[in-house]
Structures are given as C-alpha cells and as structure tokens.
Amino acid sequence: MGFQEMIEEILKNIKKDSDVENVQTCLFSATLTKDIKRLASLALRDPKLISEAKQQNSVNAYLKLSHYIVKVPEIERVKKEDNKKKKKRKNSFSDDSDSDEDDDSDSDKDSNKEESEEKKEAPKQSVIVNTKARVQRIRESIILSLVMKTYTKKTIIFVNTKTQCHRMYVLFTFFGLKVAEVHGNLSQKQRMESVEKFQAGEMDFLVSTDLLARGLDIYNVQCVINFSFPNEENRYVHRVGRTARAGNSGVAITLCDENDRKQTMKVVRKCKGNAKNYSYTKQLKDSIFTLINLLDEPIHRLIQEERSDFQLEKAEVDLKKAQNILSYQDEIYNRPKKEWFQSKKQQKEALKQGKQEMKDREFNPHGMDNEETQRAKLIAKKKKQIERIKKRKRELREQEKRGIMFEKREVKRQKRTKMHKKHKDEPVAPKPKVKKVKSKKVHGKSSMFNSE
C-alpha cells in the first residue's frame, strides 16, 4: 500500500474515538492484506467487517478470466567488432630518374597476391539480428494483428513507458483505428476525456501506462493486452483486473520473451489460473511488420514535430510566469514562506519511529488502548465460561436420557423373568408313548430263499 506511512503519521496526530463522542471512522479497501489489517487495528475501535464474500462466491462460478502468452524473440546484444583493416601503403616514388626494375616487379607481385586473396574471400551471408528496435516492431505488429482480426472492440493495451504509449497511439491512427491514449505527459482533463470516450464507445481501443491499472471500472472490457511484462509483479494483477468484472468473461494476453515467461507463469499460478500459448496468424503479422518498417521515418518525424510544439508551449508558459513575476514582484516577495511543520530530519525520525512501533506492536483487532484490550480479554473469558456451562448442561441431559433408557430396559427384563418362572412352576403333561412297528425282513435269515 503506497500511503501507509502517511496515514500512520496522520493517525498519531488525530484525536482518538474514545476522546471524541459520536465519531464514526470507516475504512474502505478492495482487498484485505496483512498491512491493511494492521492499519485497521490502529485506526478503528471495535471494527465490524462488511464484505461481499457471499456475492463473490456466487460470481466465481461464472467468472472466466483466461490468461494467454505470446512468445517474442529476445534482444540480442551485438558486440562491435574492431574491423581494423590494414591500410595499403603507397610506394613513394623517388625524384631520381634511375629506379630499380626489381622494386617495380616486387610491388606488382604483392598487388596480384592481394587481389587473389580478395577473390577467394566469399561474400558473408546477411544475418538477421534481433535488436531492441526490431523486437519492438515485432511486438507492435503482433498487437496490431490481434486488434485488427480478433479483438476489435473494448480492448486496453498497457505499456511500461510514455514514449511507447504515444508511439502505439500514432501507429493505431496510421492504420485507421479509433484509439485514445493516457499517460503522464497529458493533463488531467485530457486523461479524463480519453477515458470517457472509451467508456462511452466512441473509441474502440485505449493505450495506457500503469496510471489506469488501478481504480478503473469500465463495463464489459473484452481483452487486456500487455505490451511487455510490467516492472512489478503486483501490477500484472491490477492490469488484468480491468477485465472479467462482475461475472463477465475476459481475456488477458501478455507479450513476453523467455525471461519474462517464468514470471508471468508464477503470477498466474498465484491467481489460481493457467497460462496458455496463444496462436495468431503469422501472415498478417509479417505484412504489418513490413508496413511498420516503411512508416518508421514518417512516425519519427511526426513525433519530433509534436515534441517541438510541446517545448514551445512550455516556453510560452514559462514566459508568462516570468512576466507575472516582474509585474507583481513586490507582492510575491512580501508573501510569507510556506514551511512544513516538520523539517526533513524530523520526517525521517518520525518514519523510523513508526516502523519500530509497528514491529514491536502486536496485531490487536480490538484497538491499541490498554483499557480496550482488558475489556476484550474479559469478554473472551465470559464467553469461555458460558460455553463450559452449556457443555455441562448437555452432558447432564445426555446422562438423564441414558438413565431413563436403562430403567426401561430393566423393567422389560423383569417382565421377561417373571414369564419364565410361571412356565417353570406349571406341571408339564406327559407325552403319550407311540409303539414302533418293526418292519419284516424280506431277504433276512427267516426268508424261504435262505432255507433252501
């Protein structure tokens, strides 16, 4: 969080809520990190958290943010080879008329040898080197091919530098695309106008630096394209957050080389997503690349003219300031100096003290005062006592239920024993004996067959 130290310094000099009656303090944040929770413990007293977690859980089912990566060649640093060619020394002819013929013959032989060596040396093949300018044009051609074919509306292109942002704006205008730009060289009025035009639908594309990475809520942004991976990992999350808002689907495409690809994959995994390779039409990209090479000189001239105009406007403003100082010199110099209530040394000391206090201080969600901490501890103890009493009551109820069930079982068992005793005491009637009829043996010893 960028303004944490300043807010901490302000909180020290403001009266606390306990000193002032009927004072309500609120803290609003898009995310709840550890630093914000610490700041809440400093600024708020008995805070209550109100979040949209339930709504977010229902929205997450429909939230579709797909991450893509487009591979770009790396910049090759070429070492300047020292091509030191040996200069041919011209033979200085003497003024004497009598010159030896042997010297002339030797010089002719040396010249013939050099010519034969030059013929033997074959012409070197032209090697394409990916310089910084060439890689930059490749990135521009890829973005233009994506914008002209697939993502034709509601796309934001994020760039790291102001010069690259303006160059992309000029390229888009050369190709006849409706585009607006936002960067630090523009005034606040111009920035707001460009954002309003894009939001209203007058402009299809918006080229911006990290000024619009945070705090921009535009409805139904289809795609976010990163010209290159940002300087910080957190900025990638803020850039990508301009799409897929309020349940809508969105696409995030980043142009990165092999070094930046690992960082993008790492950040995407933290966001619980998967980055895939994006395929684009290479024929369209190659044709746009050739056009950009042809348009390089006119674009360079146009940018130089704009710079000269900007410098002239700045010079006019400075001239007006100088004239005002000359005309109203006495009033200006008689004004009291604007001084901050703290010197630079005091500011540094205050920052150091604040950091040490934050380190020494434990996280306390109920505030920092001793009275409040004691009250919170008493409340926690009472809650524990109440929970113990409830648990004891539950155990007693369970025991009572068990006793009642045991008594019922004993009653049933006694009834069963009584029934068994009655049956034992009653005389049992003897059963009638049944005579068994012996079967005659047909083939036994008494048979007529055996006698014979």
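Biologist: Which residue stands opposite Cys223 in strand 6?
Modeller: This is a predicted model, in which local features need pLDDT of at least 70, side-chain atom pairs count only at pLDDT 80 or more, and totals for chains, interfaces and linings use all residues. Residues are numbered from 1 along each chain as its sequence is written, and side-chain values use heavy atoms, without hydrogens and water. Strand 6 covers residues 249–256 and pairs with strand 5 in the parallel sense over four bridges (pairing takes at least two DSSP bridges; strands are DSSP E runs of at least two residues, helices H or I runs of at least four, numbered from the N terminus). Opposite Cys223 stands Val251.

Biologist: Which residue of strand 5 is the bridge partner of Thr155?
Modeller: Strand 2 (residues 155–158) pairs with strand 5 in the parallel sense over four bridges. The partner of Thr155 in strand 5 is Cys223.

Biologist: Are Cys223, Val224, Ile225 and Asn226 buried or exposed?
Modeller: From strand 5 (residues 223–226), Cys223 and Ile225 point one way, and Val224 and Asn226 the other way. By relative accessible area with a 1.4 Å probe on protein chains only, under 20% is buried, over 50% exposed and in between partly exposed. All four residues are buried.

Biologist: How do helix 10 and helix 11 lie to each other?
Modeller: Helix 10 (residues 282–294) packs on helix 11 (residues 296–327) at about 50 degrees, with axes 4 Å apart. Axes are lines fitted to C-alpha atoms over the stretch in contact (heavy atoms within 4.5 Å), and angles run from 0 to 180 degrees between N-to-C directions. Under 35 degrees is roughly parallel, over 145 roughly antiparallel, 65 to 115 roughly perpendicular and the rest oblique. The two helices are therefore oblique.
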